Amino acid sequence: MEQSSTFTSNDKAAEKSPSLIGGACIIASVCVGAGMLGLPSAGAGAWTVWSILAITLTMIVMTVSGWMLLESFKHYDLKVSFNTVTKDMLGDKINMFNNLAVYFVGGILLYAYITSSGLILQDTLNLDSKIASILFVLVFSAFVWHSTRAVDRISVVLILFMVLSFVFGVSGLAIKVDMSILFDTINAEANYAPYALAMLPVALTSFGYHHSVASMRAYYGEETRAKYAILIGTVIALSLYFLWLFSIYGNLPRSQFGPIIEQGGNVDALLTALGSVIESEKVANAINTFSMAAILSSFIGVGLGVFDYLADLFKFEDTKQGRAKTWLVTFLPPLVLSLLFPFGFVIVIGYAGAAATVWTCIIPALLVRKARMLETGDKGFRAPGGQVMIYLVMGFGVLTAVFHIMSMLGFLPSYVG
């Protein structure tokens, strides 16, 4: 990223220091995307109270792990990358494993977005879902192939659509919340807690901003302001998730999540179920618009990240031919897998969450542990909690991955409606 020529002195740089709200909005926008569409189905068993507790705990851990990355980066140049620090501190093998986890999460998220878009668009366009998925990829991946600037421009439009449709759609749901539905008072079952464990991988995916930590540090030029921007950003994301779950769980009874879960938590099934309980067609259309904009925005954002990662990995040139090669290795594998093996949305997001524990919890904890071992003299910025927090963050990551495996194997209770 080019450095602005306007920063010619320390005084001028101080005057132009970015606002905390600006950085916080960047973090919040990275967190809030299509992942939130999986939260209602993933938390249907745990329902309102335990779902809120699960995502709150996840937000706290993910915020602290981001601060651990900030501490690990503090003795490096502001332009340093996550990849460089991991390689330098933990070695080539661990860095390669970390990069594979980053790529796996990106690839599997693209796969989930492609599958979901096809299912949503099949009714709108009156096409087979597989053909709709192919058209979705061909049209919207073209922005990624063209340039980062094209992605920037379409992203602004999509975020505007997301904000407007979210505000209108969620406000329409929120004013109609039924407290007996929200707290499931008609259900005699009292034990919701065990279902919250299987929700954690999806919750973790919803706070996966860690690849942006280095950018935040460079944005502010130091760690302390970046720390507060991360905190405010994750609080904003958490607040939006609260509002989203409150609105969904207050309108759609827990018992009606059965058919949605049976279809793997696919977004189109959730939208269909919501449509049956929303009286206003305008509110239903706003929710549909938000869902499609969230998937499209996330698809383009994740697609650009994977595209740049693979271009660097394979050393493809930044020419039309080189970008065409990168396009093929970025978008063709998830598209083919989506057409051949269309797994459910929540199932796939769960896989992404389990893999993301590597670079959102385990690696940050290992990095800060190594950084403190090497540290001499002025300590500077420090993540809170000392050694205990390092092991708590690492343990949370390991347990989240274990809970996903246990859920897959049927060792955790599974809500079926």
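Before I describe two helices, let me say that axes here are lines fitted to C-alpha atoms, for helices over the stretch in contact, and that angles run from 0 to 180 degrees between N-to-C directions. Helices themselves are DSSP runs of H or I with at least four residues, numbered from the N terminus. What we have is a predicted model, in which local features need pLDDT of at least 70 and side-chain atom pairs count only at pLDDT 80 or more, while totals for chains, interfaces and linings use all residues. Residues are numbered from 1 along each chain as its sequence is written, and side-chain values use heavy atoms, with hydrogens and water left out.

Let me start with helix H7, residues 129-146, and helix H8, residues 148-174, whose axes come within 5 Å and cross at roughly 135°. The two are therefore oblique to each other, the word for angles that are not under 35 degrees (roughly parallel), over 145 (roughly antiparallel) or 65 to 115 (roughly perpendicular). Where they meet, Phe143, Val144 and His146 of H7 are in contact with Ala150, Val151 and Ile154 of H8, contact meaning heavy atoms within 4.5 Å. The residues of this contact are five nonpolar, one polar and no charged, where Ala, Val, Leu, Ile, Met, Phe, Trp, Tyr, Cys and Pro count as nonpolar, Asp, Glu, Lys and Arg as charged, and the others, Gly among them, as polar.

I turn now to the salt bridges, of which a search of the whole structure finds five; the term requires a side-chain nitrogen of Lys or Arg within 4 Å of a carboxyl oxygen of Asp or Glu. One of them joins Glu71 to Arg382, with the closest N and O atoms 4.0 Å apart. This pair links distant parts of the chain, since Glu71 lies in helix H4 (residues 47-73) and Arg382 in the loop between helix H17 (345-374) and helix H18 (386-408), 311 residues apart. Glu71 is buried at 1% relative accessibility, whereas Arg382, at 34%, is partly exposed; buried means under 20% relative accessible area, exposed over 50%, and partly exposed in between, with a 1.4 Å probe and protein chains only. Glu71 and Arg382 also belong, together with Arg372, to a network of salt bridges.

Another salt bridge brings together the side chains of Arg217 and Glu223, at 2.7 Å from N to O, and here Arg217 is buried at 2%, as is Glu223 at 13%. In the salt bridge between Asp318 and Arg323 the closest N and O atoms are 2.9 Å apart, and while Asp318 is exposed at 65%, Arg323 is buried at 13%.
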